[in-house]
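Here is a short briefing on a predicted model. Look at the structure first, then read the points below.

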Amino acid sequence: MDSWSNKSMSKPRIAVIGAGLIGLSAAVCISETIPTCSVTIISDEFTPNTTSDVAAGMLIPHTYPGTPIYQQKQWFKETFDYLFAINNSSEAPSAGISLVSGWQIFKTSSSAELPFWSDIVLGFRAMTEMELKKFPQYRFGQAFTTLKCDCPSYLLWLEKRLKGNGGEVHAKRIANLWDLQNNYDIVVNCTGIGSRQLIGDLKIYPVRGQVLKVHAPWLNHFIRDGDGLSYIYPGIHNVTLGGTREKGSWNLSPDPNISKDIFDKCCALEPSLQKAQDIKVRVGLRPSRLAVRLQKEILVQGEKKLPVVHNYGHGSGGFSMHWGTAKEAARLVGECIATLQDSLSKAKL
Ligand SMILES: Cc1cc2nc3c(=O)[nH]c(=O)nc-3n(C[C@H](O)[C@H](O)[C@H](O)COP(=O)(O)OP(=O)(O)OC[C@H]3O[C@@H](n4cnc5c(N)ncnc54)[C@H](O)[C@@H]3O)c2cc1C
Ligand SMILES: O=C(O)CCC(=O)C(=O)O
């Protein structure tokens, strides 16, 4: 009899490691799609101290070169539809979800490809001559309406929803997945960049991002340079100005020169930002990987087995993809439960 067969599967116990966007959304989705299980989040950091709190929270996907495009499109569509429904409900302000229209602008039209997500966001079209007059240095642009999450509000709302479903939250650093084996049947790994140390995945690396969060409530249109290095994203509580992408840097200290550079570039795009107030600097490490890792793994140690569902490596696109990947993680957890129940009933024969 292996160690699985000793456990009662009447209420499968699921541990989700990580309380960033990916852990919280996976935990909520599991608790809602498999209501017979218990879900516990275990994490060493919580909002407002996660990478997910630093993000702009825009639904504008980046492409993962190692994940098939049809898969990315599906995750984005599921995420967009889910957040659009929240946006259209009375929950929108407490969840921190808003619709935002704006422009992605390019210095040359040849660099402006039609993105794979153009038919998922709303009203995607080429910018008119009139709109482009605002940006004399730019030749071409795309106008569309998408969704934005106010990151800390959305994380708190997810946590509240999880607790409302009976889920629990514990503060703890996990050094070894096997430490969870006695108390849980299945582990869901949503540790982001922490997966490099926790499970030794050397394919995940940090891409440092520094942003400014400013008070400029008159702004309601987003502006994104197509190079992804300058953006102005108005949200419910503040405007996020970005940004930087420093591959391989683990430095979490804000750099004042970079802050000045971000501010100057954003003011060049939107001069009224000179009047912005309450400027705060935030730095986060994007958990980057060629492909999101979303798969089952059965860890084996002698007679013992521990089913793990990995869900990490969302890089620059966690907000854009999170509900689609949470649904897939929940489906994989369901498969693990079916395997455990099958092994339990065989052991009883
Ligand atoms: C500047 C910036 C702007 C961004 N803007 C956007 C955007 O506009 N749109 C978009 O889609 N994406 C954006 N992103 C990307 C997005 O922030 C990430 O994809 C997303 O936050 C990843 O979420 P996560 O939950 O995997 O990671 P995290 O938020 O880092 O959460 C990981 C969690 O795991 C916990 N953990 C790690 N190791 C352990 C351990 N050993 N034991 C216990 N707990 C552990 C951590 O404490 C944390 O709670 C941006 C990122 C940055 C840096
Ligand atoms: O790239 C963007 O425009 C959105 C912000 C983001 O995803 C990032 O900075 O990683």
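Start with Thr191. Leaving aside neighbours within four places in sequence, Thr191 is in contact with Ile17, Gly18, Leu198 and Tyr312. This residue belongs to an annotated set, and a ligand shell follows after that.

**Thr191**
- Thr191 sits in the loop between strand S7 (186-189) and helix H7 (195-198).
- Is Thr191 buried or exposed? Thr191 counts as buried, because 27 C-beta neighbours lie inside 10 Å and 20 or more is the cut-off.

**The annotated binding site**
- An unreviewed UniProt entry places the feature "binding site" at Thr51, Ser52 and Thr191.
- These positions span 141 residues in sequence, yet no two of their C-alpha atoms are more than 11.5 Å apart, so they gather at one spot.

**Thr51**
- Thr51 lies in helix H2, which covers residues 51-54.
- Thr51 is buried, because 25 other C-beta atoms are within 10 Å of its own.
- Which residues does Thr51 touch, not counting those up to four places away in sequence? They are Gly20, Gly192, Gly284, Leu285, Arg286 and Pro287.

**Ligand 2**
- The residues around ligand 2 are Ala56, Met58, Ile60, Gly209, Arg224, Gly228, Tyr231, Gly242, Gly243, Arg286 and Ser316.
- By type, this shell holds 4 nonpolar, 5 polar and 2 charged residues.
- Arg286 is one of the residues around ligand 2, and Arg286 is also among the residues that Thr51 touches.

Notes. Residues numbered from 1 in each chain as written. Chains lettered and ligands numbered in written order. Predicted model: local features only at pLDDT ≥ 70, side-chain atom pairs only at ≥ 80, totals over all residues. UniProt positions renumbered as here; feature names shortened; annotations may be inferred. Helix = DSSP H or I, 4+ residues; strand = E, 2+ residues; numbered from the N terminus. Buried ≥ 20, exposed ≤ 12 C-beta atoms within 10 Å, placed from the backbone. Contact = placed C-beta atoms within 7 Å. Near = placed C-beta within 6 Å. Nonpolar A, V, L, I, M, F, W, Y, C, P; charged D, E, K, R; others polar.
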